[in-house]
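Subject: Structure handover

Hello,

Here is the structure I promised to pass on. Please open it next to this email, and my notes follow below.

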Amino acid sequence: MEKVRAKKHLGQHFLKDLGIAEKIAMSVTGHMGVKKVLEIGPGMGVLTDFLLQEEWELYLVDIDKESIAYLHKKYPQLNEKIIDADFLKYDFGKVIEGEYIVAGNFPYNISSQIFFKVLEFRSNVTEVVCMLQKEVAQRIASPHGNKDYGILSVLLQAYYDIEYLFTVPPDVFDPPPRVNSGVIRLKRNNVQTLDCNEKLFFRVVKQGFSTRRKTLRNALKSLGLSDEMKQDPILDKRAEQLDVSAFISLTNKLELSWKK
């Protein structure tokens, strides 16, 4: 079969190192006893080959028509489990019933958007094992108080336990990206709902990091802080100094102050 060409506009960098592909596949644990795995952007199936060696019920999704045609020839047994779609826009409830794991070498240009979609379907996605740009991987796994810590760190850490697994150099890809890559694993925690208004929590986190260097008193100004709320010492801090529980507490304080 002819090789699939990596397409720049799709942010494709095909992994060619089988050892690393195997290591990523072996990092999928089946958290919570889940057996269904959805691989994003399989390309020519380098990671897919190793996932198929395990006992996973595998689904593949790719937006690249050339890849889809290639995958159908290579894995005829997967048939309708090869999904020709944009991960960001597709409703996977149509084809995957219940809970599933997300895996893959994520296209760098949409990796953050993929995680926002994972958050949206957090009740279904029990585990994520993926490779993405190293600095984004580090940001997601970063603890509070660290300069890498940001919006995705807080939102994902609210619902997932996150580990940075290992770093991957550029030369194992075709074409090689200009940056190092990182592999991380997210496992769903036991939090079903946060102890606060979740919609407001998301808003507070995003607004808090909108001006990273400013205190939260300045960053959250547009939310309409009451005079009493303005005096709260938590607002002397910057967003990166707050962990998930502190953001939950801040969300509750804000909501309460509006009701007074």
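Start in the sheet, at one residue pair: D62 has D84 of β4 as its bridge partner. D62 belongs to strand β3, residues 57-62, and β3 and β4 run parallel, joined by three bridges. One caution before going on: this is a predicted model.

**The sheet**

β3 and β4 are part of an open sheet of seven strands. The order is β4-β3-β2-β5-β6-β9-β7, with mixed pairing. Two strands sit at the edges, β4 (82-84) and β7 (160-168), and each of them pairs on one side only. From one strand to the next, the twist averages 20 degrees.

As a reminder, strands of a sheet pair through backbone hydrogen bonds, and the pairing is either parallel or antiparallel.

Further along the order come β5 and β6. Strand β5 covers residues 100-105 and runs parallel to β6, with six bridges between them. In this pair, I101 stands opposite E127 of β6.

How well is β6 covered? Nine of its nine residues are buried.

Helix α5, residues 134-141, lies across β6, β7 and β9. Its angle to β6 is about 140 degrees.

**Two domains**

In the contact between them, 15 residues of domain 1 meet 14 residues of domain 2. Together the two domains bury about 1,200 Å², and 69% of that is on carbon and sulfur atoms.

**Cysteines**

How many disulfides are there? The count is zero, taking a disulfide as a pair of cysteine sulfur atoms within 2.5 Å. In general terms, a disulfide is a covalent bond between the sulfur atoms of two cysteines.

- The peptide bond from D174 to P175 is cis, and omega is near -10 degrees. P175 sits in the loop between β8 (173-174) and β9.
- M32 is not a glycine, yet it has a positive phi of about 65 degrees. Find M32 in the loop between α1 and β2 (36-40). With a relative accessible area of 42%, M32 is partly exposed.
- N79 is not a glycine either, and its phi is positive too, at about 40 degrees. This residue is in the loop between α3 (65-74) and β4. N79 counts as partly exposed, at 44% relative accessibility.

Is D232 buried or exposed? D232 is buried, because its relative accessible area is 14% and buried means under 20%. The residue lies in the loop between α9 (227-230) and α10 (244-259). Which residues does D232 touch, leaving aside its neighbours within four places in sequence? They are R217 and K253. K253 is 21 residues from D232 in sequence, and the C-alpha to C-alpha distance is 9.2 Å.

T211 is the other one. It is placed in the loop between α7 (198-208) and α8 (216-219). T211 is partly exposed, at 29% relative accessibility. T211 and R238 are 27 residues apart along the chain, and their C-alpha atoms are separated by 9.1 Å.

**Where to look, in short**

Begin with the D62 and D84 pair. Move across to β6, where nine of nine residues are buried. Then check the cis bond from D174 to P175. End at D232 and its contacts with R217 and K253.

Best wishes

Methods: Residues numbered from 1 in each chain as written. Predicted model: local features only at pLDDT ≥ 70, side-chain atom pairs only at ≥ 80, totals over all residues. Heavy atoms only, no water. Pairing = 2+ DSSP bridges. Helix = DSSP H or I, 4+ residues; strand = E, 2+ residues; numbered from the N terminus. Axes fitted to C-alpha atoms, helices over the stretch in contact; angles between N-to-C directions. Contact = heavy atoms within 4.5 Å. Buried area = accessible area lost by both parts, 1.4 Å probe. Buried < 20%, exposed > 50% of the residue type's maximum accessible area, 1.4 Å probe, protein only.
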